[in-house]
Amino acid sequence: MKAYMPFSNEASWSENVSSLYGTIAAMLRSGNIHNFDKRQEDINLQFYNLTEEIRKGLPRFLADSFSRTLEQFRAAFKGREWTLYAIEECYVALRKAMREAADRLTHRGFLTAPEDILYLKLSEVYQLLDRSSGEAGMEDAAEKIRERRINREFSLAVWNVNEHELERQNQDHIKGLPGSGGLAQGKVKVISGAAEFGKLEKGDILVCSFTDPAWTPLFLLASAVVSDTGGLLSHAAIVAREYRIPAVLGTRVATSCLKDGDRVMVDGFKGTVTVLKD
């Protein structure tokens, strides 16, 4: 079996089943895995009570219009999610094709390692797959990969220069955007991807660059969420509000300033993270 080689930060479960195991393990550690049906019933009841309360405050003709519009929005939301699913399925197929192309080009000697294909344009990949490409094509590809790898490292350094400036200013008091209100203290766990989901224990502060739906079970464990990116409508903010835990987003530097084991106070009202000294 070929070794898994990611072509995105978060590959799908069908491509990397170990990430699914990490998600299931996080759900089990939360102790809430058997409460999902009850939780869904509570959510449905809250939704019904809230909509009925709104309807009672509206004139009859507006109440009916409100109900129809609400159902249309809910249907559109489901449609949006299915569209995203279909798009991701296309990405899965494309990544599989690129992995196969990378394996073939590595076997032929055009690439030193399969990951080198990430530095080539699609048109260049097609040219190399054409068996007419000889030694000249191999040398040309190697030079392009070398130059683009150097350029990427330089660009990353320039991109991160402002973050390093912020780190030097104050590493013990990080400012971000208030995404979900509340206060929480706990130990930091910096999670970079699904492979590290097992690090997070109940009550820890989840610190990450970003989250997506695959990270949702971690919100059952975390007492607060702090991310480098995101805003009020980001996945982390929405899910944190749903689970009623504090969230500070868009800090830019949290994952580089904080380390595992740091004790911090997260203020989701002010959008601040303060390192607590012994």
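## Lys189 and Asp204

In this predicted model, Lys189 is buried, because its relative accessible area of 15% is under 20%. Its salt-bridge partner is Asp204, with the closest N and O atoms 2.9 Å apart. The two residues come from distant parts of the chain, 15 residues apart: Lys189 lies in strand E3 (183–190), and Asp204 in the loop between strand E3 and strand E4 (205–208). Asp204 is also buried, at 5% relative accessible area.

## Other salt bridges

The whole structure holds 18 salt bridges. One of them joins Lys277 and Asp172 at 3.4 Å, N to O. Lys277 is exposed at 60% relative accessible area, whereas Asp172 is partly exposed at 33%.

Within helix H3, Glu100 and Arg104 sit 4 residues apart, about one turn of the helix, and their side chains form a salt bridge of 3.0 Å, N to O. Both are partly exposed, Glu100 at 31% and Arg104 at 45%. Salt bridges also link Glu15, Glu88, Arg95 and Arg99 in a network.

## Largest pocket

The largest pocket has a volume of about 2000 Å³. Its lining comprises 40 residues, and Phe77, Glu81, Pro213, Thr216 and His235 lie nearest the centre. Helix H3 contributes the most to this lining, with 9 residues. By class, the lining has 18 nonpolar, 13 charged and 9 polar residues.

## Nonpolar surface patch

Leu50, Ile54, Leu58, Phe61 and Leu62 make a nonpolar surface patch of about 450 Å². Helices H2 and H3 each give two or more residues to the patch. Leu62, in helix H3, is partly exposed at 36% relative accessible area.

How values were computed
Residues numbered from 1 in each chain as written. Predicted model: local features only at pLDDT ≥ 70, side-chain atom pairs only at ≥ 80, totals over all residues. Heavy atoms only, no water. 1 Å grid on protein atoms, 1.4 Å probe; cavity = no way out; pocket = protein on both sides within 12 Å on 5 of 7 lines; lining within 4 Å. Points joined across faces, edges and corners; volume = space filled by probe spheres on them. Nonpolar A, V, L, I, M, F, W, Y, C, P; charged D, E, K, R; others polar. Patch = residues over 30% accessible without salt bridge, like charges linked within 9 Å, V, L, I, M, F, W, Y side chains within 5 Å. Areas by Shrake-Rupley, 256 points an atom, 1.4 Å probe, with all protein chains shown as cover. Salt bridge = Lys/Arg side-chain N within 4 Å of Asp/Glu carboxyl O. Buried < 20%, exposed > 50% of the residue type's maximum accessible area, 1.4 Å probe, protein only.
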